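Please have the sequence and the structure open as I speak.

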Amino acid sequence: MASVDIFSKLDHDVLIKIISDLDLKDLGRLACVSKKLCPILLDFCYKIKCTQKNPALVSDLLSDAVSSSPQGGWAGLFKILFCCPGLAQAGVHVEASPKKAVNDDVDDFSGDEYFRVLFFRMGPHLAWEGSRLNYEYGNYLLDDRFTRNCLYLSDWSRCENLDEKHNYSIYRGIFINFKQTMIWRELNDGEEHKVDMKCSFCPCKHTWDLYTSLCFKQTRAGEPVDRAFVCENGHVCGVWIDKHGQKIL
(Lines give C-alpha, C1' and ligand atoms only; values in the text may rest on other atoms or scores of the structure.)
Protein backbone atom coordinates (compact mmCIF):
# COMPACT_ATOMS: atom_id res chain seq x y z
CA MET A 1 0.00 0.00 0.00
CA ALA A 2 1.41 3.40 -1.01
CA SER A 3 2.29 5.78 1.80
CA VAL A 4 0.08 8.86 2.23
CA ASP A 5 1.35 12.34 3.05
CA ILE A 6 -1.06 13.33 5.83
CA PHE A 7 0.00 16.98 5.67
CA SER A 8 -1.12 17.24 2.04
CA LYS A 9 -4.69 16.57 3.18
CA LEU A 10 -4.82 19.48 5.62
CA ASP A 11 -6.02 22.98 4.83
CA HIS A 12 -3.24 25.57 4.36
CA ASP A 13 -4.40 27.79 7.26
CA VAL A 14 -4.65 24.79 9.57
CA LEU A 15 -1.09 23.79 8.73
CA ILE A 16 0.21 27.27 9.49
CA LYS A 17 -1.56 27.27 12.86
CA ILE A 18 -0.13 23.88 13.82
CA ILE A 19 3.41 24.59 12.67
CA SER A 20 3.63 28.08 14.21
CA ASP A 21 3.04 26.58 17.67
CA LEU A 22 5.89 24.04 17.42
CA ASP A 23 9.31 24.45 19.03
CA LEU A 24 12.50 24.99 17.05
CA LYS A 25 13.71 21.40 16.97
CA ASP A 26 10.38 20.16 15.61
CA LEU A 27 10.39 22.88 12.95
CA GLY A 28 13.76 21.61 11.75
CA ARG A 29 12.49 18.04 11.61
CA LEU A 30 9.33 19.05 9.75
CA ALA A 31 11.35 20.66 6.98
CA CYS A 32 12.49 17.14 6.04
CA VAL A 33 9.07 15.49 6.17
CA SER A 34 6.94 16.87 3.36
CA LYS A 35 7.42 18.89 0.20
CA LYS A 36 4.29 20.85 1.08
CA LEU A 37 5.75 21.95 4.42
CA CYS A 38 8.96 23.53 3.12
CA PRO A 39 7.37 26.56 1.38
CA ILE A 40 5.07 27.08 4.37
CA LEU A 41 8.06 27.12 6.71
CA LEU A 42 9.99 29.49 4.45
CA ASP A 43 7.14 31.88 3.65
CA PHE A 44 5.18 32.00 6.89
CA CYS A 45 6.53 30.22 9.96
CA TYR A 46 10.11 31.47 9.80
CA LYS A 47 8.76 35.00 9.34
CA ILE A 48 6.45 34.61 12.35
CA LYS A 49 9.23 33.20 14.56
CA CYS A 50 11.70 35.90 13.52
CA THR A 51 9.20 38.70 14.11
CA GLN A 52 8.29 37.32 17.53
CA LYS A 53 11.95 36.97 18.48
CA ASN A 54 13.17 40.42 17.40
CA PRO A 55 10.48 42.77 15.99
CA ALA A 56 12.83 45.79 15.92
CA LEU A 57 15.36 43.95 13.76
CA VAL A 58 12.71 42.70 11.33
CA SER A 59 11.25 46.21 11.06
CA ASP A 60 14.67 47.67 10.22
CA LEU A 61 15.43 44.93 7.70
CA LEU A 62 12.17 45.54 5.84
CA SER A 63 12.11 49.34 6.13
CA ASP A 64 13.83 49.93 2.77
CA ALA A 65 13.52 46.43 1.33
CA VAL A 66 12.25 46.02 -2.22
CA SER A 67 10.72 42.61 -1.44
CA SER A 68 8.70 41.40 1.54
CA SER A 69 11.62 39.34 2.85
CA PRO A 70 15.07 40.33 4.15
CA GLN A 71 18.11 39.90 1.95
CA GLY A 72 19.14 36.26 2.21
CA GLY A 73 15.56 35.17 2.94
CA TRP A 74 13.61 34.30 6.07
CA ALA A 75 15.43 30.98 6.45
CA GLY A 76 18.76 32.79 6.71
CA LEU A 77 17.44 35.24 9.31
CA PHE A 78 15.87 32.35 11.23
CA LYS A 79 19.26 30.62 11.48
CA ILE A 80 20.95 33.83 12.63
CA LEU A 81 18.39 34.39 15.39
CA PHE A 82 18.08 30.85 16.67
CA CYS A 83 21.17 28.83 15.69
CA CYS A 84 24.87 28.85 16.56
CA PRO A 85 26.84 27.64 13.51
CA GLY A 86 29.68 26.07 15.52
CA LEU A 87 33.41 26.69 15.47
CA ALA A 88 34.25 25.48 11.96
CA GLN A 89 31.80 27.91 10.35
CA ALA A 90 33.20 30.70 12.51
CA GLY A 91 36.66 30.13 11.02
CA VAL A 92 38.16 27.95 13.77
CA HIS A 93 39.66 24.65 12.62
CA VAL A 94 40.29 22.02 15.26
CA GLU A 95 40.91 18.28 15.43
CA ALA A 96 39.24 16.00 17.92
CA SER A 97 41.37 14.61 20.75
CA PRO A 98 42.48 11.01 20.06
CA LYS A 99 42.61 10.18 23.77
CA LYS A 100 39.02 9.05 24.11
CA ALA A 101 36.12 8.53 21.74
CA VAL A 102 33.31 11.07 21.87
CA ASN A 103 29.93 9.59 22.72
CA ASP A 104 26.58 10.79 23.97
CA ASP A 105 27.24 10.00 27.63
CA VAL A 106 29.31 12.92 28.93
CA ASP A 107 28.73 11.78 32.52
CA ASP A 108 31.54 9.24 32.00
CA PHE A 109 34.02 12.11 31.73
CA SER A 110 35.36 14.42 34.39
CA GLY A 111 37.60 17.48 34.67
CA ASP A 112 39.50 18.41 31.52
CA GLU A 113 38.16 15.38 29.65
CA TYR A 114 34.59 16.61 30.14
CA PHE A 115 35.37 20.00 28.59
CA ARG A 116 37.28 18.35 25.73
CA VAL A 117 34.24 16.22 24.91
CA LEU A 118 31.88 19.18 25.25
CA PHE A 119 34.07 21.31 23.00
CA PHE A 120 34.41 18.80 20.19
CA ARG A 121 30.68 18.13 20.17
CA MET A 122 29.91 21.81 19.67
CA GLY A 123 29.07 21.83 15.99
CA PRO A 124 25.93 23.64 14.80
CA HIS A 125 23.34 23.80 17.58
CA LEU A 126 20.46 25.86 18.93
CA ALA A 127 21.66 29.11 20.45
CA TRP A 128 20.92 30.18 24.02
CA GLU A 129 17.18 30.89 23.99
CA GLY A 130 17.57 34.27 25.69
CA SER A 131 20.03 35.53 23.07
CA ARG A 132 18.88 38.65 21.21
CA LEU A 133 20.59 40.60 18.45
CA ASN A 134 21.38 44.22 19.33
CA TYR A 135 22.83 47.04 17.19
CA GLU A 136 24.84 48.32 20.19
CA TYR A 137 26.98 45.17 20.12
CA GLY A 138 27.61 45.76 16.42
CA ASN A 139 28.62 49.39 16.98
CA TYR A 140 31.12 48.19 19.57
CA LEU A 141 33.05 46.21 16.94
CA LEU A 142 32.69 48.42 13.84
CA ASP A 143 35.66 50.58 12.96
CA ASP A 144 35.06 54.30 13.50
CA ARG A 145 34.77 54.84 9.73
CA PHE A 146 31.67 52.64 9.59
CA THR A 147 29.71 53.55 12.71
CA ARG A 148 26.89 54.95 10.54
CA ASN A 149 26.34 51.43 9.19
CA CYS A 150 23.88 49.39 11.22
CA LEU A 151 24.97 45.92 12.35
CA TYR A 152 22.78 43.83 14.65
CA LEU A 153 24.95 41.39 16.60
CA SER A 154 24.31 38.71 19.20
CA ASP A 155 25.69 38.75 22.74
CA TRP A 156 28.86 36.70 22.16
CA SER A 157 29.32 35.90 25.86
CA ARG A 158 26.21 33.68 25.69
CA CYS A 159 27.52 31.05 23.28
CA GLU A 160 30.78 29.69 24.60
CA ASN A 161 32.71 26.67 23.30
CA LEU A 162 35.48 25.42 25.56
CA ASP A 163 38.65 23.34 25.30
CA GLU A 164 41.65 22.95 27.60
CA LYS A 165 43.41 26.14 26.50
CA HIS A 166 40.87 28.47 24.96
CA ASN A 167 37.43 29.93 25.44
CA TYR A 168 35.70 30.45 22.07
CA SER A 169 32.73 32.84 22.17
CA ILE A 170 30.80 32.70 18.90
CA TYR A 171 28.65 35.58 17.71
CA ARG A 172 26.38 36.05 14.72
CA GLY A 173 24.60 38.99 13.16
CA ILE A 174 23.27 40.83 10.13
CA PHE A 175 23.80 44.23 8.50
CA ILE A 176 20.82 46.43 7.65
CA ASN A 177 20.71 47.27 3.90
CA PHE A 178 24.16 45.74 3.48
CA LYS A 179 24.52 46.43 -0.26
CA GLN A 180 24.10 50.15 0.46
CA THR A 181 26.75 50.34 3.21
CA MET A 182 30.25 51.77 2.99
CA ILE A 183 31.56 48.42 4.21
CA TRP A 184 30.14 46.55 1.22
CA ARG A 185 31.50 49.15 -1.22
CA GLU A 186 34.96 48.77 0.28
CA LEU A 187 34.87 44.97 0.35
CA ASN A 188 33.47 44.73 -3.18
CA ASP A 189 36.19 46.91 -4.68
CA GLY A 190 38.61 43.98 -4.91
CA GLU A 191 39.23 40.32 -4.15
CA GLU A 192 41.93 40.83 -1.51
CA HIS A 193 39.76 40.00 1.52
CA LYS A 194 37.44 37.48 -0.14
CA VAL A 195 37.79 33.94 1.24
CA ASP A 196 36.57 30.55 0.09
CA MET A 197 34.40 29.95 3.14
CA LYS A 198 30.66 29.48 2.82
CA CYS A 199 28.19 31.58 4.72
CA SER A 200 26.88 29.87 7.85
CA PHE A 201 23.31 31.00 7.22
CA CYS A 202 22.60 31.12 3.46
CA PRO A 203 23.83 29.53 0.19
CA CYS A 204 26.55 32.15 -0.48
CA LYS A 205 29.77 30.34 -1.37
CA HIS A 206 32.18 33.13 -0.43
CA THR A 207 32.64 35.51 2.49
CA TRP A 208 34.85 38.50 3.29
CA ASP A 209 37.18 38.88 6.26
CA LEU A 210 36.02 41.82 8.38
CA TYR A 211 39.31 42.04 10.29
CA THR A 212 41.96 41.92 7.58
CA SER A 213 39.83 44.45 5.67
CA LEU A 214 39.96 46.72 8.77
CA CYS A 215 36.15 46.98 8.87
CA PHE A 216 36.15 45.86 12.51
CA LYS A 217 38.27 47.45 15.23
CA GLN A 218 41.65 45.80 15.54
CA THR A 219 42.53 43.69 18.57
CA ARG A 220 44.88 45.39 21.00
CA ALA A 221 47.64 43.66 22.96
CA GLY A 222 46.24 41.60 25.83
CA GLU A 223 42.74 41.37 24.36
CA PRO A 224 41.16 38.19 23.00
CA VAL A 225 41.88 37.44 19.35
CA ASP A 226 38.89 37.95 17.08
CA ARG A 227 37.88 36.86 13.59
CA ALA A 228 34.71 37.53 11.64
CA PHE A 229 33.33 37.02 8.15
CA VAL A 230 30.41 38.50 6.19
CA CYS A 231 28.63 37.27 3.07
CA GLU A 232 27.10 39.41 0.32
CA ASN A 233 23.72 39.19 2.07
CA GLY A 234 25.17 40.89 5.15
CA HIS A 235 25.19 37.77 7.33
CA VAL A 236 28.00 37.88 9.91
CA CYS A 237 29.64 35.05 11.83
CA GLY A 238 32.59 35.56 14.16
CA VAL A 239 34.38 34.34 17.26
CA TRP A 240 36.39 35.69 20.18
CA ILE A 241 39.35 33.41 20.96
CA ASP A 242 40.20 34.02 24.61
CA LYS A 243 43.26 32.40 26.19
CA HIS A 244 42.83 33.98 29.59
CA GLY A 245 39.16 33.69 30.46
CA GLN A 246 38.54 37.44 30.33
CA LYS A 247 35.09 38.81 29.54
CA ILE A 248 34.44 41.41 26.89
CA LEU A 249 31.14 42.97 27.92
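Let me begin with Gln71, which sits in the loop between H4 and H5, where helices (H or I, at least four residues) and strands (E, at least two) are DSSP runs numbered from the N terminus. This is a predicted model, in which local features need pLDDT of at least 70 and side-chain atom pairs count only at pLDDT 80 or more, while totals for chains, interfaces and linings use all residues. Residues are numbered from 1 along each chain as its sequence is written, and side-chain values use heavy atoms, with hydrogens and water left out.

Gln71 has a relative accessible area of 34% and is therefore partly exposed; on this scale, buried means under 20% relative accessible area, exposed over 50%, and partly exposed in between, with a 1.4 Å probe and protein chains only. Which residues does Gln71 contact, leaving aside its neighbours within four places in sequence? They are Lys179, Glu232, Asn233 and His235, where contact means heavy atoms within 4.5 Å. With His235 the separation along the chain is 164 residues, yet the C-alpha atoms of the pair are 9.1 Å apart.

That pairing leads to the protein as a whole. Its secondary structure comes to eight helices and nine strands, and 42% of its 249 residues count as buried. Of the contacts with a separation of 6 or more, 62% are between residues 24 or more positions apart.

In H4, the buried residues are Leu57, Val58 and Leu61. Why do they lie on the same side of H4? They do so because they cover an arc of only 95° around the axis, the arc being that of the directions from the helix axis to the C-beta atoms. As a general point, an α-helix has 3.6 residues a turn, so residues three or four places apart point the same way. The buried residues of H4 pack against H3, H5, strand E3 (151–153) and strand E5 (167–175).

As for H5, seven of its ten residues are buried, so this helix is largely enclosed by the rest of the structure. The buried residues are Trp74, Gly76, Leu77, Phe78, Ile80, Leu81 and Phe82. Phe82, for its part, has a relative accessible area of 10%, and beyond its neighbours within four places in sequence it contacts Leu24, Lys49, Cys50, Lys53, Leu126 and Ala127. The C-alpha atoms of Phe82 and Leu24, 58 residues apart along the chain, are separated by 8.1 Å.

Now the cores, a nonpolar core being a set of buried Ala, Val, Leu, Ile, Met, Phe, Trp, Tyr and Cys residues joined through side-chain atoms within 4.5 Å. The largest has 30 residues, of which Ile19, Cys50, Leu57, Leu77, Leu81, Leu133 and Ile174 touch the most other members. At least two residues of this core come from each of helix H1 (12–20), H2, helix H3 (37–53), helix H4 (55–63) and H5. Apart from it lies another core of 20 residues, including Trp184, Leu187, Trp208 and Val230. To return to Leu133, its contacts, not counting residues up to four places away in sequence, include Asn54, Leu57, Ile80, Leu81, Tyr152 and Ile174.

Finally, the pocket, which I take here as an open set of points on a 1 Å grid over the protein atoms alone, where a 1.4 Å probe fits, with protein on both sides within 12 Å along at least five of seven lines; its lining residues have an atom within 4 Å of a point. The largest pocket holds about 270 Å³ of space, a volume being the space filled by probe spheres set on the points, which are joined across faces, edges and corners. It is lined by 16 residues, and the closest to its centre are Ala75, Phe78, Lys79, Cys83 and Leu126. Helix H2 (24–30), helix H5 (73–82), strand E1 (83–84) and strand E2 (125–126) each supply at least two residues of the lining. By class, that lining has twelve nonpolar, three polar and one charged residues, with Ala, Val, Leu, Ile, Met, Phe, Trp, Tyr, Cys and Pro counted as nonpolar, Asp, Glu, Lys and Arg as charged, and the others, Gly among them, as polar.
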